[in-house]
Amino acid sequence: MSDPIDQVALQVIWNRLLAIVEEQAQSLVRTAFSTSVREAGDLSVGVYDEAGRMLAQAVTGTPGHVNSMAAAVRHFIDHFGAEDMHEGDVFITNDPWLGTGHLHDITVVTPIFKDGGLVAFSACTAHVVDIGGRGFGADASSVYEEGIRLPLMRLAARGAFDQTLLSMLRANVREPDQVVGDVYALCTCNNIGLVRLADLLDEFRSVDMPMISRFILEKSDRATREKIAEIANGTARGEMTIDGYSQPVNLCATVTVKDDVVCCDFAGSAGEDANGINVPLVYTQAYACFALKCAFAPEIPNNYASLAPFIVTAPKGSILNAQHPAPVALRHTVGQMLPDVVFGALDHLLPGRVPAEGAGTLCNFQMSTRRDDATASRSEVLVFNSGGCGARPYADGLSATAFPSGVMSVPVEATEHAGPVVIWRKELRTDSGGTGTFRGGLGQWMEVGALPGYQYEFSAMFDRLQHAATGRGGGGSGGKTILKTASGQDLGGKSRHSINPGDRVVMGFAGGAGYGDPCSRDEAAVKQDLLRDYISLQTAREVYGLSDAAIDEIEQRRLWCHQWQATKDGSLCGE
């Protein structure tokens, strides 16, 4: 296509597609019922061509959804056939092996028609707070125990919703209004994409969807392969040991760069686990591709072609390629560790380019509350939180930031509004960031409980209680996760616990590791960390070698700040 006018139009259309999917994502955030979507942004939205190849995805969302959903539409086309798709049809699944890795993620796909012909698809995914079964936890022994499983199904036919399907869904979950409300929000999200894409094609009548698809995919493929080709061929291996469920889990990645292709093989990783921390291959591929793309071609938008040069494999029956009916509910506690495993290999191929290890998996927990009087008053409160990111080769790690998932922490106010729970404490955790030339990001302290008159069970979804994030280039390890009750009882990191009435759960989220020799850290940065309580006096003196004179200076500044704050607070009180 040599016409320069068409080239300009196609570039404009590509940008418009990115804007459309972002508008869809924001509409999903605003209409969803679950706090996981509404407050944390645990979702994904994409537009696909008629062959099911992803053309654009929203920035809002997680790599676990974004990259795994890239292949989802093709499954619907293969199952139903394009000839059996009609205007007004809507399709649905939460199959872990065909969607995004566990039953809690519902994927909805809507075909888009133009002048009577199928031209594209809109698809989106959201994490629902409850999907039935044992609840959100790792204690199941098979996927059958983890909730209701929706195969590839037609949710709506020519505009008429399948009320029998919705009734079945309602009957199998603890929060029926919330779950069905999320399903309708997903449908609305896709419908916005349908309307916007139709308007776009009406506006640019000189081009059609095949031209748009060819333009996006050809340019993305060429640009990604050119970036990979800049790196010398080579092979390297990365390894990491994490807590697992009842025993440690070893993860191994061998990364090979050859010409314009990058292969990542997870041979050598642990076998399937008896509990629900197994990872379907689609989720393994999602987070491994995310790490590779961040390292090689971060500026190129995600689509079918920009992901194609990254080939990810794992042995069948391993924890990273779990086979049905393996339990997979907490697949994120292992899968979200994979970028750091991949970075461990890339550190040999791309020295000075990848960060130190971070907290990795999200620091999630779910509270199932009920009244003491045994009434039907129950609620499920899912809370998304994060530890610290690993330090970068050129900057400190980000504190209390979800990497690699990218979701937002749920605000205290939203959590307390969702059910009869109280957040008693939420603050950065001193000394949890690994020491180094560049410091690891800090984790958090958090303390939670239920309102008087309520009992609750606490479902933990944590790692790094036993295995801290590891530094690079001489950087120190991040702080380990702490999980216990206020009364002093230690709790398991991936277990469901009945908490005694009136007791609270105390959590110290893991910190990111440091990068480089701590003795090379800028003294001004050490002083700033000490002033902000990011590090303790002991760490400042013994690890960073801060002088007594410098420490006295910081203590004087701290005293002045406290006096100023006391004066300010007093004046506000009229004293």
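Predicted model: local features only at pLDDT ≥ 70, side-chain atom pairs only at ≥ 80, totals over all residues.
Strands of a sheet pair through backbone hydrogen bonds, and they can do so either parallel or antiparallel. In this one, the pairing is antiparallel, and 4 strands line up in the order E14-E15-E19-E17. The sheet is open, with strand E14 (421-428) and strand E17 (482-485) at its edges, each pairing on one side only. If you look at how neighbouring strands sit against each other, they're turned by 10 degrees on average, direction ignored.

Strand E17 is joined to strand E19 (residues 505-508) by 4 bridges, and the two run antiparallel. To find one of the contacts yourself, pick out Ile482: its bridge partner in E19 is Gly508.

Searching the whole structure turns up 5 cavities of 30 Å³ or more, and the largest cavity holds about 120 Å³ of space.

So what lines the largest cavity? There are 18 lining residues, and those closest to the centre are Asp42, Tyr283, Arg331, His332 and Gln336. Sorted by class, the lining comes out as 9 polar, 6 nonpolar and 3 charged residues. Helices have a share in it too: helix H3 (63-66) and helix H8 (281-296) each supply at least two residues of the lining.

Notes. Residues numbered from 1 in each chain as written. Heavy atoms only, no water. Pairing = 2+ DSSP bridges. Axes fitted to C-alpha atoms, helices over the stretch in contact; angles between N-to-C directions. 1 Å grid on protein atoms, 1.4 Å probe; cavity = no way out; pocket = protein on both sides within 12 Å on 5 of 7 lines; lining within 4 Å. Points joined across faces, edges and corners; volume = space filled by probe spheres on them. Nonpolar A, V, L, I, M, F, W, Y, C, P; charged D, E, K, R; others polar.
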